[in-house]
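Subject: Structure handover

Hello,

Here is the structure you will be taking over. Please open it first, then read my notes below.

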Amino acid sequence: MAKLTTEQLLEQFADLTLVELSEFVKAFEEKFDVTAAAPAAAAGAAGAGAAEEVEEKDSFDVILEAAGDKKIQVIKAVRELTSLGLGEAKAVVDGAPKAVLEGANKEAAEKAKDVLEAAGASVTLK
């Protein structure tokens, strides 16, 4: 089997989708019992933007930073976004900064952020 050059490998990686690249990284980590976070970032930077795809998060935490001056609307928004009761939602709002959603996908996190900000809250995604 002929050994591929670094340039040939990079060309192959450039043709992969985000899902295929993610699967490759997982397989690489399992096969060689390593964590590919730093090497993947370095290889991706040299590979025409692949690092941005590797590092793109698929899980977000929606953090309520502050309720603002419309606390009741923010409590209603928290209840709407979660399965919390009134007392629990109030405790989240009163305990800000506090996570409202954890491990949400990008679309759900963005929607939750928009709903909370519309109610008057300050929100960050992590």
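A word on contact before anything else: two residues are in contact when they have heavy atoms within 4.5 Å of each other. By that rule, and leaving aside its neighbours within four places in sequence, Thr-82 is in contact with Val-100 and Leu-101. Please keep in mind that this is a predicted model.

**Overall**

The protein has 126 residues, and 26% of them count as buried. It contains seven helices and three strands. Along the sequence the pattern runs α-α-α-α-β-α-α-β-α-β. The accessible surface is about 8,500 Å². Carbon and sulfur atoms account for 54% of that surface. Take the contacts between residues at least 6 apart in sequence: 65% of them join residues at least 24 apart.

**The sheet**

The three strands form an open sheet in the order β2-β1-β3, and the pairing is antiparallel. β2 and β3 (122–125) are the edge strands, as each pairs on one side only. From one strand to the next, the twist averages 20 degrees. Four bridges join β1 and β2 in the antiparallel sense. Within that pairing, Ile-63 stands opposite Ala-99 in β2. Helix α7 packs on the sheet and touches β1, β2 and β3. The direction of α7 makes about 165 degrees with that of β3.

**Leu-64**

Look next at Leu-64, in strand β1. Is Leu-64 buried or exposed? Leu-64 is buried, with a relative accessible area of 0%. What is Leu-64 in contact with, leaving aside its neighbours within four places in sequence? The list is Val-74, Val-92, Val-93, Ala-96, Pro-97, Lys-98, Val-100, Ala-121 and Ser-122. Leu-64 and Thr-124 are also worth a look: they are 60 residues apart in sequence, yet 6.7 Å apart in space, C-alpha to C-alpha.

**Helix α5**

Helix α5 spans residues 71–81. Its buried residues are Val-74, Ile-75, Ala-77, Val-78 and Leu-81. Why do they share one side of α5? They cover an arc of only 160 degrees around the axis, and that puts them on the same side. An α-helix has 3.6 residues a turn, so residues three or four places apart point the same way. Ile-72, Lys-76 and Glu-80 are on the other side of α5, and these are exposed. The cover over the buried residues of α5 includes β1 (60–66), α6 (86–94), β2 (98–104) and α7 (106–118).

**Thr-82**

Back to Thr-82, which lies in the loop between α5 and α6. Thr-82 has a relative accessible area of 17%. Buried means under 20%, so Thr-82 counts as buried. Its side chain reaches the backbone oxygen of Val-78 at 2.7 Å. Val-78 is itself one of the buried residues of α5.

**Helix α6**

In α6, the buried residues are Ala-89, Val-92 and Val-93. Seen down the axis of α6, they fall within an arc of 95 degrees, so they line one face of the helix. That face packs against β1, α5 and β2. Two of these residues, Val-92 and Val-93, are among the contacts of Leu-64.

Then turn to the buried side of α5, with Val-74, Ile-75, Ala-77, Val-78 and Leu-81.

Best wishes

Key: Residues numbered from 1 in each chain as written. Predicted model: local features only at pLDDT ≥ 70, side-chain atom pairs only at ≥ 80, totals over all residues. Heavy atoms only, no water. Buried < 20%, exposed > 50% of the residue type's maximum accessible area, 1.4 Å probe, protein only. Helix = DSSP H or I, 4+ residues; strand = E, 2+ residues; numbered from the N terminus. Arc of directions from axis to C-beta. Polar contact = N/O pair within 3.5 Å; in protein donor to acceptor, adjacent residues only side chain to side chain. Areas by Shrake-Rupley, 256 points an atom, 1.4 Å probe, with all protein chains shown as cover. Pairing = 2+ DSSP bridges. Axes fitted to C-alpha atoms, helices over the stretch in contact; angles between N-to-C directions.
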